[in-house]
Amino acid sequence: MVDLQKPFYGGLTLFFVAMLGWGISSAGAPGLAFGFSAALTLGGSLVCIWERSVVRSAFSLMGTFVGVAGLFILLGADFVGMAQILIYVGGILALLLFGVMLSPPDMEERKLSRVAGGLVLMGAAVAWVSAKVAATVEWAQLPKDELPEMTTSVHDIGVGFIAPDKYVVAFELAAVLLTVALVAAVYIARRKMADFEPAKDIPSKDIAGKEAAMKEIA
Amino acid sequence: MGLGAYIAVSAALFALGVVAIVVRRNILYVLFGIEMILNAANINFVAFNRFNGDGLDGRMFAIFVIILAAAEAAVALAIVLNVYHLFNTTKPAEVDLLRE
Amino acid sequence: MDLTFHPESDFKLLLAVPLIPLCGYLLQIFFGRFLPRKGDWLLTGGMFATMCITLYMFAKAMNHAYSGGGHGGHDEHEALIGFFHESRHTGFKWSWLFQTGEAPDSVRNLTIGLLYDGLGAAMLAVVGVVSFFVHLFSMGYMQGDRRYHIFFANISLFTVAMLGLVLSDNIVFLFIFWEIMGLMSYLLIGHLAQDPTSHRINHAARACKKAFLTTRVGDVCLFIGFMMFFLHYETFFFSELWAQVNADVALNGWQSWHTTAGLFLFGGTVGKSAQFPLHIWLPDAMEGPTPVSAMIHAATMVAAGVFLLGRLYPVLSPEVLGVVTVTGATTAIFAATIGMTVFDIKGVLAYSTISQLGFMVAAIGCGGVGLVAGLWHMVTHAFFKACLFLSAGSVIHGCHHEQDMRKMGGLRKKMPITFACMLICTLAISGVPLFSGFYSKDKIVMASFLSLGHEFNGPALWASIALPAAAAITAFYMFRLIFMTFFGAPRDSHVHEHAHESPWPMTVSLMGLAFLGIFGGHLWLNGDLLGAHGTWWEKLVMNEHNLADLSKMYGGVELQNTYGGAAMDPHGHVAHSAHIWALGVSSFVAALGIFAAWLIYHKKKIDPARITARLGGLYTTVANKYYIDEFVEITVIKSSVVTARFLRWFDENIIDGCVLLVGRINRTLGFIAAWFDKTFVDGLVNFLGTLSNAMGSALRLLQTGRIQQYISFAVAGGLLAAAWLILS
Amino acid sequence: MEHILSWITFIPLIGMTAIICLPKQSVGLIKRVSLVATGIPLILATWLYFQFDPQSVAGGGFAFEEHIPWIKGISANYSVGVDGISLPLIWLTCILLFLGVPASFGIKKSEKAYYALLLLLEVGILGVFISLDYFLFYVFWEIMLLPMYFLIGIWGGPRREYAAIKFFLYTLAGSVLMLIAIISLRLGTGTFSIPEMVNMAQAGLVVGPEFIGLDYSTWVFWFLFVGFAIKIPVFPFHTWLPDAHVQAPTPISVILAGILLKLGGYGLMRGCFPIMPVAFQENAYALGILGVISIVYGSFVALGQTDFKRMVAYSSVSHMGYVLLGTGALTVWGTDGAAMQMFAHGTSSAAMFMVVGVIYDRAHHRDLNGFGGLCQPMPIYWGLTTICFFAALGLPTMSGFIAEALTLLGAFQAGDPRFQVLVLISVIGIVITAAFLLWAIQRVFFGSLNEKYKDYPDMTPREIFCMAPLLFLCLLFGVFPHILLDVMEPSVQHLVTLLSVGK
């Protein structure tokens, strides 16, 4: 079958360069940083979609996460950015890699046609929608490029977490949720095939019944 | 860089996430896609929070989203493993018990 | 012994009448099998107590009528305004539908009370007596039955239903007991349908269903009838109904809806007391054990229909009465002709019952004196028909359940008591003078003559021709039965040798009923033995309600004279001449029938085979009961079954098909989508294919279970929404 | 006793939680827990029934009310209460669910899930009966749907998926229509509270836009009507019933016929007619016609069946027709009859399905022509069946008779004389009902015994315990109808006054 690895990565590089250039040209150094992070983000996810092997996709996803973290920092949300890097790159990605390792490699499941079709269709849709939106927005009324300078800092975030009139409830809930989720994850993950007898009770398992049902419906 | 740029990036990331979920036939890509989408949302949160005045809410939301993502990833991964146990496949297309 | 009726105390006593057998039933149904002798003594004893109470109360009614003036002394009319008590006027009543919700005396709240009048008194006594004897008889007859205790329980609940029906003072409760009686007849006729040793088990199963369903048709008609009356008069109580109808009719005459409703009411009688064309259930009801037949045919079930006519007589319009007359007369003659051709000993009695019921109904249709005569015949008939059935039962019992008369004969010596009793009652039913049946039957004939009146009157004419003829035929086939069974040489030696007289409970009850068969008629007479007019029974039955509307009866004037009594017309010559005529005719036809039977079946002067051969097709038609059963089988039963089958097909294919059509359409959609998907293996189209395929299957089962497709939908939907937002 | 309605409703939920926490091996414990979890509500409901003072709701209003703000945003409240129409049905629900547990002891397949779903089902049903808030009503309505779907689809007969899917699609379609109507009502009246809606309807304030060419009241009425009519089920929407019944396990059929069908009638009386009285009056005759068609058609189709359970199922179609006929007549007696018929049919048809279950457990087929002479080996079974069938064909002294007689009398008195014709037609149904029931008795019990069934055991005490109370209720309310009618009467009268507004 046709293998478009080279053209793809070539195109990707071009896209990268283009982003950097556009960044510099539009806003100098911060622009460069922005272009870099944005390119990293999108490129990472593109590779993730494109790559045939799950492992590579997972690693390419790291690019996305880092890029997003960069964007956060550019937006002055350095704490969020750090959290992003720690949790995502450090935690979630590790988890995903576990998943990758525990599931069999299947090199044949990627269909270029599907990928291409999906990209084109989705891209077209999003491009169209965002174009329309952009057309409707009066950019004049939006805050210009100069940002209001930051007054809040990480300290406020910490206070916000524990201040009873702020986010303490949500914070506690999140904590509980995490605990429950992890316990649940362990619980589910530990089960063996023997525990899945009820699955045989589920009607779809007896094919005859299924066929009968389909026939009746028809 | 203006607000528009950030929104554009997040929109594109969102789109890619959806594509990742839809076009690939491996259940892990569903997870990947979900992460991308969450990240896209986060970008929006933080960007808007930054560009009109500075409250905390946007960032707070972003943090909570990240927490949720962590939980979700853990559970999802466990489910993936079980699905693999049960059906000997990671192709969501063949996991159609929901149908019955 | 104080024989005046005290409502306060006596209604309590009357309430005990249905309650005693009811308690007996409850005890029996639960504990019967554990009692010694399976508890038959319990119910028979209870029934004996009931009988005593009914007779005591009856004596009070009788006393009233006599003291009220049998012997033309003080005010005749006072006597005629008969004996009529309603317990709800003495506060002895219960509100049934609502206790707190509704005012107890509101129309919507049904109040139950007892009604005790002359008719009720007589009927109650008859039921008490006959069912006591039937119980007694069953103690001998049903010995060794597999469900002995259940049988006794059922038969006594049967009695309870009849007693309650007689006592109920509003039509709803009459209907309720009426229906319970239907249920009990179902269970009793089907008694042998559960007995593996019975060789007619399947017949019994069919017969009980047939009986219930046929009467059910009548019941529904009755329900509609009194619903229509309730719609107009807003009451269920007989007395109020009579009064209101009389007032209404006096004001603006009979309307057409009176006739319609009356016909519906009469439908109830047609069903229960086996009038043409709903008589078909009654011959099949012979599948039940003989005591049941005696019960059904004499005292309880069929009598209920006639009793209903007696109760509702004042609300029936002249047109309805015409229909009643014609139906009755037709039934009488038509059943009688069939009776001549039957060889089953119980079958003969069954058709004679139908025919006698025809007499009663026809008489009531004639109105006035006919009403009196018909009800009177109901009473006398109850006695001798019960006796006849029980004798037949004793014969069958003696012949080891052989029912075919052609196998009997010469049993006179073997079972003398049975023979004597049966002979007496046969004489009674044939209307031989001085036997009970004579008086009532002769009065019926007279009523039909009287009804002819001045102007031409079709129904009355038909009645006056058909009834005497039927009487003659009755005498004929009843004596045919006697001769074939008891006289002549034994036709089947085997049966004859084993024949034996029945045990004492059976013979005792036979003799008791036979006694009533002789004197049951005289009981109602006072003064003139011919019962020309002013008999005590008339005083008992008549009350202001059915006196008030003499005008509507045929040939009203004569009737006024007949039992307006001497006070109004001392001579009453018209009635007298009519009565002389009737007397002559009825005795003549009786003699004729008996003589013919004697010639053919005893002296063997004429060979019945030749007659049948001569008649040919006519005979076969009659012998096959005019093919009515076949007709009903084809028209009603087959048609409804076919309808049912068709509707089932319609339901499963058309309606369900329409429902599943959606499924089919969507399935085709799915196929198209799949084809589309396969044809162009292209990312875009592939996506669209998945989408439409998913759409197809989603429409089919609402869901495919493919996460990815779900997300595709979500996204597509989101995009569409966005597009719509933007474009609009 | 405070919050008794909530207690009755949610105790089964507690039981369900307990069962979920139990290990699924300890079946006996699970059964005992579910017995308790259905028994306590039964006791409470019985207490409530005799505690309830009908006169207190004579002029409208409800007893044992509870109002707790729930979702402020859409002004949906947790407001519950009972009146004379819903209370008997609540009682019936508790009785049937309680009897349904021992009736289910025969089920040997993943009991844990089964009993949990059963209890959830009870929560949903009771919730529908008590809720006075349309949003709450709808929520409970949907809660009730899902367990039923699984109970049929997993524990059902060979064609269970088909039946379950059909049931689900039908009911879902109904729910969708209902939802549309409810939302439009919320928009039209600005509240979800049913009593408020009713009051506004009395003042003629329930107005809104017209839709598909029908004016507001008409289309909302018909949407709601179809939504509920599917549950009753009324003639054109009834085809899910036989399949669902035939495929469902016995206790589920019992509950389905005993209560779920009543939800339709109850919904009409509570949530459809009083809110759209004018549209109701306009379409009363059409409703009557639908009812009569259901009566006659159902009985005929039942006569044509050879499958015992299908026959019983169609008899339900026939009997529930009376509810529509009685309410459509718009007379107090007619509505009394309809309300009574819901209870009477709830007991008699439930008992009938138990009858079918008993024989199916022994013979493992339901072909009416395949039996015969069964009254010889199983006399008790024969006796109970006879009582049950005669209760179903409306024999006097059985509650069915009171219901049907009141319905027909009420319909006959209706202001619209055309109803008299309907009554005359519907009596055909009475005769045909008697015909197919007696025919069934003859084919199954009478006649010569089929050798295969010679040594069948008679009913076990458990089966008798499941069936006898229902038959006892049939007799009780047939002989002493006031026990039921007194409770219903004031509310029914109020309902009729509500419906005949402007007449």
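Helices (H or I, at least four residues) and strands (E, at least two) are taken as DSSP runs and numbered from the N terminus, and the expected span of a helix is 1.5 Å times one less than its number of residues. The model is predicted, so that local features are reported only at pLDDT of at least 70 and side-chain atom pairs only at pLDDT 80 or more, whereas totals for chains, interfaces and linings use all residues. Residues are numbered from 1 along each chain as its sequence is written, with chains lettered from A and ligands numbered from 1 in the order in which they are written.

A residue is called buried if 20 or more other C-beta atoms lie within 10 Å of its own, exposed if 12 or fewer do, and partly exposed in between, the C-beta atoms being placed from the backbone. By this criterion the buried residues of α8(C) are F238(C), S239(C), L241(C), W242(C) and V245(C). They cover an arc of only 165° around the axis, which puts them on the same side of α8(C); the arc is that of the directions from the helix axis to the C-beta atoms. An α-helix has 3.6 residues a turn, so residues three or four places apart point the same way. The face of α8(C) turned away from the buried side carries the exposed residues A247(C), A250(C), L251(C) and N252(C), and the helix is followed by G253(C), whose phi is positive, near 65°.

S168(C) lies in the loop between α5 (148-167) and α6 (171-189) of chain C, and counts as buried because it has 24 C-beta neighbours inside 10 Å. Contact is assigned to two residues whose C-beta atoms, placed from the backbone, lie within 7 Å; leaving aside neighbours within four places in sequence, S168(C) is in contact with L115(C), F173(C), L174(C) and F177(C).

A nonpolar core is defined as a set of buried Ala, Val, Leu, Ile, Met, Phe, Trp, Tyr and Cys residues joined through C-beta atoms within 7 Å. The largest such core has 437 residues, of which M181(C), A386(C), C387(C) and L467(C) touch the most other members. Helix α7 (residues 201-233) of chain C gives the most to this core, with 19 residues. Beyond four places in sequence, A386(C) is in contact with V130(C), F133(C), V134(C), A294(C), A298(C), A299(C) and L513(C). A second, separate core of 80 residues includes A5(B), M36(B), I43(B) and I67(B).

The contact between chains B and A takes 65 residues from chain B and 75 residues from chain A. On the side of chain B that touches chain A, α1 (3-23), α2 (27-51) and α3 (57-87) of chain B each supply at least two residues, and α3(B) gives the most, with 22 residues. By class, this side has 45 nonpolar, 11 polar and nine charged residues, where Ala, Val, Leu, Ile, Met, Phe, Trp, Tyr, Cys and Pro count as nonpolar, Asp, Glu, Lys and Arg as charged, and the others, Gly among them, as polar.

Backbone features were also examined in chains C and D. A cis peptide bond, with omega about 0°, joins F276(C) and P277(C), and P277(C) is found in the loop between α9 (256-272) and α10 (281-284) of chain C. In chain D, the peptide bond from I232(D) to P233(D) is likewise cis, with omega near -10°. L330(D), a residue other than glycine, has a positive phi near 60° and is buried, with 27 C-beta neighbours inside 10 Å.

Confidence in chain A is expressed as pLDDT, the predictor's confidence in each residue from 0 to 100; the chain has a mean of 77, and 79% of its residues reach 70 or more. Within chain A, confidence is lowest in helix α7 (residues 197-201), at a mean of 47, and highest in helix α2 (residues 54-74), at 88. Over residues 196-205 of chain A, pLDDT stays under 50. Where pLDDT is low, the predicted coordinates should not be read in detail.
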